[in-house]
Amino acid sequence: MSDIFVITGPSGVGKGSLIAALREHRPELQLSISATTRAPRLYEEDAVAYYFLSDAEFDRRLAAGEFIEHANYAGHRYGTLRGELERRTRAGTPVMLELEVQGARQVRDAIPGAVLVFIAPPSLDVLRQRLQARGTEAEATIAERLAVAETELAAREEFPFVIVNDVLDDAVRELEALYLSQRDGAGPAR
Ligand code: 5GP
């Protein structure tokens with residue numbers, strides 16, 4: 001039985017949409033809110049989308065050992081606060097973390113029971129189209145994220161579970177089945 005689920009994969013692959021859809025079906029599933037130094041997008045609220053921190057505040061918390069994992073991603077920093085995760089797991093309900101690949105590796109090492117799921121795009125071209133269609137990033141940022149995505153895609157084999165997000169509804173069903181089997185299943189995560 002597992003109560004920490006890590007959803008990883010390249011930016012634009014649909015991790016957020018998948019998690020949102022799964023949580024509609026499974027409202028007990030909590031989402032850990034990450035900290036970041038990047039600027040909020042127009043629709044993003046502090047302490048809902050992220051805890052938006054200054055670089056100095058991120059450094060302070062890092063030095064105080066407050067992060068379970070953290071990473072630099074496309075020029076900004078992201079991390080999972082220990083307190084945030086503990087508060088949610090203490091409630092006894094399963095928690096999801098949405099992380100880029102470096103962070104997922106750190107959680108794999110720090111929390112051996114965590115279930116790690118890599119979300120892959122059908123192809124790099126589809127990923128490019130999705131990042132462009134999303135319209136949340138400037139052209140230069142998209143190019144930077146795509147360059148990172150190429151190396152992230154190579155990490156797919158490191159993760160025990162891979163879901164290809166081609167048709168969203170199918171991927172949600174697959175993720176839900178995996179979630180239920182790992183949450184209730186007897187054995188440790190593969
Ligand atoms: P975005 O800027 O698009 O919100 O996120 C950029 C990347 O950082 C995405 O791949 C996202 O999943 C990842 N990310 C979000 N929160 C965290 C976190 O707490 N730690 C790590 N390592 N990555 C994160």
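This is a predicted model: local features need pLDDT of at least 70, side-chain atom pairs count only at pLDDT 80 or more; totals for chains, interfaces and linings use all residues.
A polar contact is a pair of N or O atoms within 3.5 Å. The ligand is surrounded by 17 residues, and the space it takes is the largest pocket.

**Polar contacts and cover**

- The side chain of Y78 has an N or O atom 2.6 Å from an oxygen atom of the ligand.
- For S34, an N or O atom of the side chain lies 2.7 Å from an oxygen atom of the ligand.
- On its own the ligand has 510 Å² of accessible area, and the protein covers 97% of this.

**The shell around the ligand**

- S34, R38, Y50, Y78 and E100 are the closest of the surrounding residues.
- Sorted by class, the shell holds eight charged, five nonpolar and four polar residues.
- Three strands, β5 (67–73), β6 (76–81) and β7 (95–99), each contribute at least two residues to the shell.

**The four-stranded sheet**

- Four strands form an open sheet in the order β4-β3-β6-β5, and their pairing is mixed.
- The edges are β4 (51–52) and β5; each has a single partner strand, so one side of each has no neighbour in the sheet.
- β5 and β6 run antiparallel and are joined by six bridges.
- Opposite H70 stands G79 in β6.

Methods:
Residues are numbered from 1 along each chain as its sequence is written. Side-chain values use heavy atoms; hydrogens and water are left out. A residue is near a molecule or strand if one of its heavy atoms lies within 4 Å of it. A polar contact is a pair of N or O atoms within 3.5 Å; within protein, one must be able to donate a hydrogen and the other to accept it, and residues adjacent in sequence count only if both atoms are side-chain atoms. Accessible areas come from the Shrake-Rupley method with a 1.4 Å probe; for residues, only the protein chains shown count as cover. On a 1 Å grid over the protein atoms alone, a cavity is a set of points where a 1.4 Å probe fits but cannot get out, and a pocket is an open set with protein on both sides within 12 Å along at least five of seven lines; lining residues have an atom within 4 Å of a point. A molecule sits in a cavity or pocket if more than half of its atoms lie within 2 Å of its grid points. Ala, Val, Leu, Ile, Met, Phe, Trp, Tyr, Cys and Pro count as nonpolar, Asp, Glu, Lys and Arg as charged, and the others, Gly among them, as polar. Two strands pair if DSSP finds at least two bridges between them.
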